[in-house]
Amino acid sequence: MSMTYENILEKTAQNPTHANLMAILENEDPGFFQALTRYAYDIKIAEVGRHVYFRGIIEFSNICTKDCYYCGIRKSNPLVNRYELSEEEILREARWCYDNHYGSLVLQSGERRDPAFVDKIEYLLKEIKILSKGTLGITLSVGEQDQETYDRWFQAGAHRYLLRIETSNPDLYGTLHPSTHSWEERKRCLGMLRRSGYQVGSGFLIGAPGQTPHDMAGDILFLRETDVDMVGMGPYIPHEETPLGQAFSFDPIRQLTLGLKMIALVRIVLKDVNIAATTALQALSPAGRELGLRAGANIIMPNVTDLAYRRGYQLYNNKPGLDENAREQRVNLEQAVEALGEKVCYGDWGDSLHFKKRQM
Ligand code: SF4
């Protein structure tokens with residue numbers, strides 16, 4: 001029986017067709033799930049090794065000009081206390097990452113395109129490079145911008161950018177967002193980021209309302225066609241103050257299983273990219289991120305945002321780690337990684353091997 005599983009997975013690794021991927025996503029046999037994650041884990045070890053990289057994530061503002069129907073900090077949610085960290089506060093958290101030998105950090109916020117925001121990011125990038133003597137790698141995750149802005153930030157020191165396409169199906173995208181949000185524009189942004197020179201990351205909402213296995217199989221092929229270097233995707237978790245969250249019947253086990261299956265399939269199909277075990281997995285199970293590593297992920301993004309602000313950045317309900325300070329979290333995560341027989345690589349950017357190979 002397990003030979004049959006192996007054969008299916010082998011075939012998918014060599015030639016991932018839409019039909020194969022869909023059949024795997026629809027297979028609910030627990031034995032198959034075990035075989036899938038084991039197979040993906042072996043590919044991870046062969047392609048990227050037993051190395052886990054921490055990226056300290058600073059959620060520096062929850063002010064957003066967009067209105068995604070699933071997101072707790074969408075602009076139309078009047079119940080959110082809006083905040084924006086000062087430059088000094090952000091630089092203090094960046095210094096913490098540097099002092100604790102994190103190789104990289106992520107600057108994330110809601111989306112804004114006004115000049116003051118663009119200038120602030122550019123200033124922060126330059127200052128972080130100075131305070132870390134050029135050693136901290138910087139990922140940005142601040143949404144859709146124009147080519148000039150992406151270029152400016154790249155010149156100022158950012159070298160990776162995460163922009164989730166959320167779904168590869170434009171029609172589904174249309175049901176998850178207001179009509180003013182454009183799937184085509186988002187896709188164009190991925191091309192602009194590549195032109196600026198970034199390592200480009202993308203990803204999806206997994207198990208979103210209305211999403212089918214057909215869509216999810218398409219998502220994996222989208223990542224492959226777009227030739228991304230990094231993948232950040234998380235199971236959809238409803239937020240009660242959003243239009244979609246109110247209507248969704250939520251099954252945490254199903255969402256966790258789907259999330260792990262997608263990590264495993266992305267590892268099997270894309271092989272040498274960086275894949276994040278996201279906090280959304282941990283929201284579904286205390287061991288969610290470790291399970292993510294076991295399914296093929298190799299990146300963890302510990303939250304280093306000041307505790308005072310964390311409650312303000314809830315994209316979904318029951319986001320974990322609201323009371324765990326950056327130091328406690330680092331110790332807990334490190335123990336969990338070591339328990340898996342893997343190693344946290346401090347002081348190393350941990351760039352996408354896929355990106356490096358493309359540069360050769
Ligand atoms: S998902 Fe991002 S862009 Fe959309 S409302 Fe939330 S923070 Fe803003």
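I began at the start of a helix, where aspartate 251 caps the N-terminal end of H11, a side-chain oxygen lying 3.2 Å from the backbone nitrogen of isoleucine 253. I took this as a polar contact, that is, a pair of N or O atoms within 3.5 Å, of which, within protein, one must be able to donate a hydrogen and the other to accept it, while residues adjacent in sequence count only if both atoms are side-chain atoms. Helices (H or I, at least four residues) and strands (E, at least two) are DSSP runs, numbered from the N terminus.

Before going on I noted that this is a predicted model, in which local features need pLDDT of at least 70 and side-chain atom pairs count only at pLDDT 80 or more, while totals for chains, interfaces and linings use all residues. Residues are numbered from 1 along each chain as its sequence is written, and side-chain values use heavy atoms, with hydrogens and water left out.

Next I checked the length of H11 (residues 252–270): at 1.5 Å a residue its 19 residues should span 27 Å, and its end C-alpha atoms are 27 Å apart, which agrees; the expected span is 1.5 Å times one less than the number of residues. After H11 comes lysine 271, whose phi is positive, near 65 degrees. I found 15 of the 19 residues of H11 buried, so the helix is largely enclosed by the rest of the structure; buried means under 20% relative accessible area, exposed over 50%, and partly exposed in between (1.4 Å probe, protein chains only).

I then turned to the nonpolar cores, each a set of buried Ala, Val, Leu, Ile, Met, Phe, Trp, Tyr and Cys residues joined through side-chain atoms within 4.5 Å. The largest has 107 residues, and those with the most contacts inside it are Leu107, Leu140 and Trp153. H11 gives the most to this core, with eleven residues. Apart from it lies another core, of seven residues, including Tyr53, Ile57, Val106 and Met301. Leaving aside neighbours within four places in sequence, I listed the contacts (heavy atoms within 4.5 Å) of tryptophan 153, among them Phe117, Leu125, Leu140, Tyr161 and Tyr198.

How many salt bridges are there? I have a count of 18, a salt bridge being a side-chain nitrogen of Lys or Arg within 4 Å of a carboxyl oxygen of Asp or Glu. In one of them glutamate 84 pairs with lysine 120, the closest N and O atoms being 2.9 Å apart. Glutamate 84 lies in the loop between strand S1 (51–61) and helix H4 (87–99), and lysine 120 in helix H5 (residues 115–131), so the pair ties together parts that are 36 residues apart in sequence. Glutamate 84 is partly exposed at 33% relative accessible area, whereas lysine 120 is buried at 12%.

I also looked up glutamate 144 and arginine 186, whose closest N and O atoms are 2.7 Å apart in their salt bridge. This pair links distant parts of the chain, with glutamate 144 in the loop between strand S3 (137–141) and helix H6 (147–156) and arginine 186 in helix H8 (residues 183–196), 42 residues apart. Both residues are buried, and a network of salt bridges links Lys66, Glu111, Glu144 and Arg186.

Last, I looked for disulfides, pairs of cysteine sulfur atoms within 2.5 Å, and the count comes to zero. Cysteine 97 is in no disulfide, the nearest cysteine sulfur, that of cysteine 345, being 16 Å away. Cysteine 97 is buried, with a relative accessible area of 0%.
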